[in-house]
Amino acid sequence: MTTVTCIKVEKRFGEKTIRILKNRKMINPEYRVYSDREYVYIPIIEEINKEELTSILSEHNIEFQLVLCNPPRKEKKFLPQYTPSYDLLGDVIIVRRNVLENIGLNELIDTLRRLNPKIRAIYLKNETVDSYRLPKLELIWGEPVEEVIVKEYGLKFKILLGKVYYNKRLSEEHRRIAESCRDQEIIMDLFSGIGGFAIHIVSLRNSIVFANDLNPYAYQCILDNISLNKKSLKGTIIPMKIHALYFTELKPLHGLFDRVIANLPHNSLDFKNVYDVLLKNKGTLHLYVVSKNPDEIVSILRKWDNYVLVGYKKVLDYAPYTFIYRFDLFKK
Ligand SMILES: C[S@@+](CC[C@H](N)C(=O)[O-])C[C@H]1O[C@@H](n2cnc3c(N)ncnc32)[C@H](O)[C@@H]1O
């Protein structure tokens with residue numbers, strides 16, 4: 001450890017002294033300020049004129065001593081040659097397997113750990129395939145982690161890793177839809193995952209949201225996420241766990257909904273019967289569809305003659321030249 005000169009001040013003078021010295025560029029940039037129980041130690045550059053220092057600090061009534069000290073060195077900022085794109089979920093990193101086309105496994109782990117020194121685990125993710133849209137995760141560094149809590153706009157979401165669908169990049173879309181909802185609406189989120197849309201909506205609006213997902217782990221997460229956020233919720237969430245097609249049989253719910261959210265981008269066009277029976281006339285349908293060519297989807301939706309297509313919006317990148325779009329429709 002190197003010994004340098006520090007200014008030692010009582011903790012109550014710490015912040016003020018740092019500010020004064022910083023303004024005069026007197027702090028040694030290679031070291032960190034540190035403290036013990038009573039004192040703060042501020043490393044200063046060696047060329048400082050001691051009389052000048054005394055005059056500046058006594059002008060502010062700051063009592064200090066000049067001492068030799070061993071402050072920790074500042075680590076140089078790590079700038080990797082190649083930064084893979086990755087998701088940080090709580091203290092876990094999820095990175096798509098295809099980044100290994102551009103970087104070796106060991107270098108990937110080293111880069112991610114140096115960029116995020118506090119993480120507990122790094123998982124490689126294979127493309128989401130099955131009907132629950134579950135990611136296949138492979139632990140490549142650290143300890144196995146079963147669940148994480150992530151935050152979206154201050155709201156907390158529990159995610160059971162590898163057991164539920166979650167995409168951090170949907171948080172803005174959750175918010176956008178929530179902002180477009182109104183108080184008193186009754187809303188159905190047919191494929192709700194862990195409850196992203198539902199929690200956002202009732203955090204902003206006094207509305208009722210039915211949050212349905214067939215995956216029992218997603219259903220469990222919705223229940224937990226309601227509890228985690230209960231102090232921030234104005235409206236009510238009714239969690240459900242049924243196959244969406246079964247809503248055609250649930251007659252008491254028919255014609256009840258002002259809005260239906262259908263975020264199952266590979267199959268959402270197959271559930272038209274369900275939207276038809278659940279939505280009120282003049283109700284809104286938010287239909288998420290994965291596509292290379294949105295005009296093709298537009299021409300399909302123009303044939304849904306009991307709906308008016310109001311517009312569409314690109315929501316997420318999915319694959320090269322392929323995106324997830326949201327189509328907004330009104331039921332006539
Ligand atoms: C793309 S994810 C939904 C993501 C979620 N809306 C969000 O914002 O995070 C699709 C979800 O639909 C569920 N699912 C798939 N088929 C279903 C069905 N037939 N009925 C109900 N839920 C289904 C899956 O378990 C999955 O959680």
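## Overall build

Of the 332 residues that make up the chain, 32% count as buried. The structure is a predicted model, and every value in this report was computed from its atoms rather than taken from an experiment. Along its principal axes, the C-alpha trace of the chain spans about 85 × 45 × 35 Å.

The secondary structure of the chain comes to 8 helices and 17 strands. The radius of gyration is 28 Å, well over the 20 Å that the globule rule gives for 332 residues, and the chain is therefore more spread out than a compact globule. If we consider contacts between residues at least 6 apart in sequence, 61% of them join residues that are at least 24 apart.

The chain is divided into domain 1, covering residues 4–69, domain 2, covering 87–145, and domain 3, covering 167–331.

## A covered strand and an uncovered helix

Strand 12, which runs over residues 208–212, is largely enclosed by the rest of the structure, because 5 of its 5 residues are buried. Both of its faces are covered, with Ile208, Phe210 and Asn212 buried on one side and Val209 and Ala211 buried on the other. Strand 12 pairs in the parallel sense with strand 11 (residues 186–189), over 4 bridges, and in this pairing Ile186 stands opposite Ile208.

Helix 2, made up of residues 50–59, is hardly covered, since the count of buried residues among its 10 residues is 0. This helix is followed by Asn61, whose phi is positive, near 55 degrees.

His286 is found in strand 15, which covers residues 279–291. A residue counts as buried if 20 or more other C-beta atoms lie within 10 Å of its own; His286 has 23 such atoms within 10 Å, and it is therefore buried.

Leaving aside the neighbours within four places in sequence, the residues in contact with His286 are Ile177, Ile261, Ala262, Arg326 and Asp328. Tyr307 is 21 residues away from His286 along the chain, and the C-alpha atoms of these two residues are separated by 12 Å.

## Two loop residues with positive phi

Lys25 lies in the loop between helix 1 (11–23) and strand 2 (34–35). Its phi is near 55 degrees, which is a positive value in a residue other than glycine. Lys25 has 8 C-beta neighbours inside 10 Å, so it counts as exposed.

Tyr153 is found in another loop, the one between strand 9 (147–152) and strand 10 (155–160). The phi of Tyr153 is also positive, near 50 degrees, and this residue too is other than glycine. With 14 C-beta neighbours inside 10 Å, however, Tyr153 counts as partly exposed.

Conventions:
Residues are numbered from 1 along each chain as its sequence is written. This is a predicted model: local features need pLDDT of at least 70, side-chain atom pairs count only at pLDDT 80 or more; totals for chains, interfaces and linings use all residues. A residue is buried if 20 or more other C-beta atoms lie within 10 Å of its own, exposed if 12 or fewer, and partly exposed in between; C-beta atoms are placed from the backbone. Two residues are in contact if their C-beta atoms, placed from the backbone, lie within 7 Å. The radius of gyration is taken over C-alpha atoms; the globule rule is 2.2 Å times the number of residues to the power 0.38. Domain bounds come from an automatic or database domain assignment. Two strands pair if DSSP finds at least two bridges between them.
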